[in-house]
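Visitor: I have a chain to look over, and I would like to be guided through its fold and its side-chain pairings. Could we look at it together?

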Amino acid sequence: CNLLVATRDEHLVGAAIEELERLEHAWSRFRSDSELVALNQDPGEVVTVSPLLAEAVHRAVLAWERTDGWFDPTVIDSLEHAGYDAPFAPDGPPRGSLASCRPAATPRSFSVDLERCTVRRPAGVRLDLGGIGKGLAADRIATGLVDRGAQSACVSMGGDVRVAGIPPEGGWRI
């Protein structure tokens, strides 16, 4: 992920970078030390996770419900089989075809307890939060910057853009 912060306040920049690191540690499937990787490797059906990961999984399940299954976080096995097993690099080798991607199980069989921070899912079913993670991270970082005192914030994370606060005179130039 790339984070663009336009401010001279080093405290705000540092807070945004720290938040991005926390979120990436919770949600990235490309970091071997992330919570999502640990969840995906855990053989149990009910797994205790951090509030950050519980929130992201909850939103992924809601997205599945609200899109009638068009968004499906269970396609990770198909994505990896097609060569999407590393972060995108513009100068990297071509990836395989996504034509054969299929969900592993419907998220209907998932439940997230936000109070207890547990995820219940069929044993062995893994998740990819890429379709939710960047947008949610952009939301959290932009609003966090305003909550910490920035008049306005515009965060762009790999195509997911979020603005918060009072827009600059003349609006945002994107």
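The questions and answers below go from the overall fold to single side chains.

Guide: This is a predicted model, in which local features need pLDDT of at least 70 and side-chain atom pairs count only at pLDDT 80 or more, while totals for chains, interfaces and linings use all residues. Residues are numbered from 1 along each chain as its sequence is written, and side-chain values use heavy atoms, with hydrogens and water left out.

Visitor: What pattern does the chain follow when read along the sequence?

Guide: Helices (H or I, at least four residues) and strands (E, at least two) are DSSP runs, numbered from the N terminus. The chain has five helices and five strands. Read along the sequence, they follow the pattern α-α-β-α-α-β-β-α-β-β.

Visitor: What percentage of the 174 residues in the chain is buried?

Guide: Buried means under 20% relative accessible area, exposed over 50%, and partly exposed in between, with a 1.4 Å probe and protein chains only. By that cut-off, the buried residues of the chain make up 37%.

Visitor: Why does the length of helix 3 agree with what its 16 residues should span?

Guide: The expected span of a helix is 1.5 Å times one less than its number of residues. For helix 3, residues 51–66, that span should be 22 Å, and it agrees because the end C-alpha atoms are apart by 22 Å.

Visitor: Which elements do the buried residues of helix 3 pack against?

Guide: The buried residues of helix 3 include Leu52, Leu53, Val57, Val61 and Trp64. With contact meaning heavy atoms within 4.5 Å, the buried residues of this helix pack against helix 1 (10–27), helix 2 (35–41), strand 2 (111–113), strand 3 (118–120) and helix 5 (130–147).

Visitor: How many salt bridges does a search of the whole structure find?

Guide: A salt bridge is a side-chain nitrogen of Lys or Arg within 4 Å of a carboxyl oxygen of Asp or Glu. Applied to the whole structure, the search finds a total of 14.

Visitor: Which parts of the chain are linked by the salt bridge of Asp128 with Arg29?

Guide: The closest N and O atoms of Asp128 and Arg29 are 3.1 Å apart. The pair links distant parts of the chain, 99 residues apart: for Asp128 the loop between strand 3 and helix 5, and for Arg29 the loop between helix 1 and helix 2.

Visitor: Is Arg29 buried or exposed?

Guide: Arg29 also meets Glu80 in a salt bridge, at 3.8 Å from N to O. Glu80 lies in helix 4 (residues 76–81) and Arg29 in the loop between helix 1 and helix 2, so the pair ties together parts that are 51 residues apart in sequence. Glu80 counts as partly exposed at 29% relative accessibility, whereas Arg29, at 16%, counts as buried.

Visitor: How many disulfides does a search of the whole structure find?

Guide: A disulfide is counted when a pair of cysteine sulfur atoms lies within 2.5 Å. Cys117 is buried, with a relative accessible area of 12%, and Cys154 counts as partly exposed at 22% relative accessibility. For disulfides, the search of the whole structure finds zero.

Visitor: Which residues form a nonpolar patch on the surface?

Guide: Patches are made of residues with over 30% relative accessible area and no salt bridge, like charges being joined within 9 Å and nonpolar side chains (Val, Leu, Ile, Met, Phe, Trp, Tyr) within 5 Å. Val161, found in strand 5 (residues 160–165), is partly exposed, with a relative accessible area of 42%. Together the residues of the patch have about 380 Å² of accessible area (Shrake-Rupley method, 1.4 Å probe; for residues, only the protein chains shown count as cover), and they are Val161, Val163, Trp172 and Ile174.
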